[in-house]
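I opened this notebook to record what I looked up in the structure, entry by entry.

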Amino acid sequence: MPLRLTNTLSDRKEEFTPLTPGRVGVYVCGITVYDLPHIGHARFLVAFDTAVRFLRWSKLHVTYVRNWTDVDDKIIKRANERGEDPAVFSARYIEECKRDMAPLGVASADIEPKATEHVPEMIALIEKLGKGRPGWHIECSAMSQKYLGTTFDVHGGGKDLVFPHHENEIAQSEAASDQPLARFWLHNGFMTMDSEKMSKSLGNVRNIRDLLKSWDGESIRAFLLSTPYRHPISFNDMALADADGRVEYFYETLHKADVYLAAKKFSGRGAIEGPTRDAFREAMEDDLNTAQALAIVNELYKQLNANIDGKAAAQKVADLRAEVIDFGRVLGLGEREPIEAIRDRRSLAAHRKGIDLGWVEERIRERLAARKAKDFARADAIRAEVSAKGVELRDAATGTDWRVLP
Ligand SMILES: [Zn+2]
């Protein structure tokens, strides 16, 4: 089945074929940098990051352009309030933004043009159109044309940009070139906070930086992908915890598979089955339905788990492992080294529940000593003590490991 994308221009799902076979140009309106990014920013960044990952997985050569609006009235005002040079101020927030997006698996775009570095291009465009001044709308007209040409394949952004930003971009670009600007316009839906509008005045805007103190970035990503990008999505801690449990299950299963394959001394490669790959691809080809794609990956993880428990042949386990890794690469989930991810995630879970890591380690040492002294009653008492705090001890040949119970 071909890729079908809902095009805001027609408000219909249309079959997508690139202008130049095998190559796709994507322009996405980036962030205006005057504060730390919030969950709404994460939504569009993750949505288009995933779209680009899928296009690349489909063997298309993608040029992804995502701009930084590093000068505007708000930036200047905020910088002045702080007595800072606006250029230094915005450059700092670009770095802050990159720092917060990395844990969510949002890769850099191929080209990340800054508005301040394209003023001559904006002026040249304005000169074609008549009187005007460089501003937000002309910035994207100038930069998209410079890097992707007069007409390109995909223009994306948040739904709030349809009007006036994108209508103005179209008016300016098309008046100047007499050619269509972008062929496909993709807009991600709104994000609400507990079904309320997200706004500074309501005080319910959640920064990514704050969320990352308690939650794994990958869990935030899984939460965002659990709803198709065009749909509205309601943020709440329960939904995030739900996504977190899913990611936990992924890494626990991957680790289990690694242990299983190592025990079987399996050194071959896993193969990806055609029908499974087709099902995953079809989900994504249906307007990038990440909710469906995620459900398929979830089901594969379940199968992987069941196969390990059922002592299946190593090749079968390796095949399923290869599938979840391959599809996970498109979704940006399950890409880390399982052991490391499990450790990092455990620290965050402990932080959320107020469990002191040192205290747990100390109890484990104490329990080990009790067992060595054959004081099993004491060892059991320690297990019960940590369990009451939400910690599960797991004994293995290599020692005692632990995890935070959900
Ligand atoms: Zn724009």
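Entry 1, a helix on a sheet. I looked up where α5 sits in this predicted model, and found that α5 lies across β3, β4 and β5, with a direction at about 155° to that of β4.

I then traced the strand order and read β4-β3-β5-β6, an open sheet of four strands with parallel pairing. β4 (61-66) and β6 are the edge strands, and because each has a single partner strand, one side of each is left without a neighbour in the sheet. Ignoring direction, I find that neighbouring strands of this sheet are turned by 20° against each other on average.

Entry 3, strand β5. How many of the seven residues of strand β5 are buried? I find six of the seven in strand β5 (residues 152-158) to be buried, so the strand is largely enclosed by the rest of the structure. On the pairing with strand β3 (residues 23-28), I noted three bridges in the parallel sense; here V26 stands opposite V154, and Y27 stands opposite H155. With strand β6 (residues 182-188), β5 runs parallel and is joined by six bridges, and I recorded G156 opposite L186 in β6.

Returning to the helix of the first entry, I looked up its packing with another helix. Helix α5 (residues 136-148) and helix α6 (residues 162-177) have axes 8 Å apart and pack at an angle of about 55°, and the two are therefore oblique to each other. The crossing of α5 past α6 is right-handed. On the α5 side the contact is made by W136, H137, I138, C140, S141 and Q145, and on the α6 side by H165, N168, E169, Q172 and S173. Sorted by class, this contact of α5 with α6 has three nonpolar, seven polar and one charged residues.

I listed V360, R363, E366, R367, A370 and R371 in α14 as meeting F376, R378, A379, I382, R383, E385 and V386 in α15. By class, I have six nonpolar and seven charged residues in the contact of α14 with α15, and no polar ones.

Between strand β7 (residues 191-193) and β9 I noted three bridges in the parallel sense, with M191 opposite I233 in β9.

Finally I looked up the overall figures, and the protein has 15 helices and 11 strands. Its C-alpha trace spans about 90 × 55 × 35 Å along the principal axes, and 38% of the 406 residues count as buried. Of the contacts between residues at least 6 apart in sequence, I find that 74% join residues at least 24 apart.

Key. Residues numbered from 1 in each chain as written. Predicted model: local features only at pLDDT ≥ 70, side-chain atom pairs only at ≥ 80, totals over all residues. Contact = placed C-beta atoms within 7 Å. Nonpolar A, V, L, I, M, F, W, Y, C, P; charged D, E, K, R; others polar. Buried ≥ 20, exposed ≤ 12 C-beta atoms within 10 Å, placed from the backbone. Pairing = 2+ DSSP bridges. Axes fitted to C-alpha atoms, helices over the stretch in contact; angles between N-to-C directions. Parallel < 35°, antiparallel > 145°, perpendicular 65-115°, else oblique. Left-handed = near helix turned anticlockwise from the far one by under 90°.
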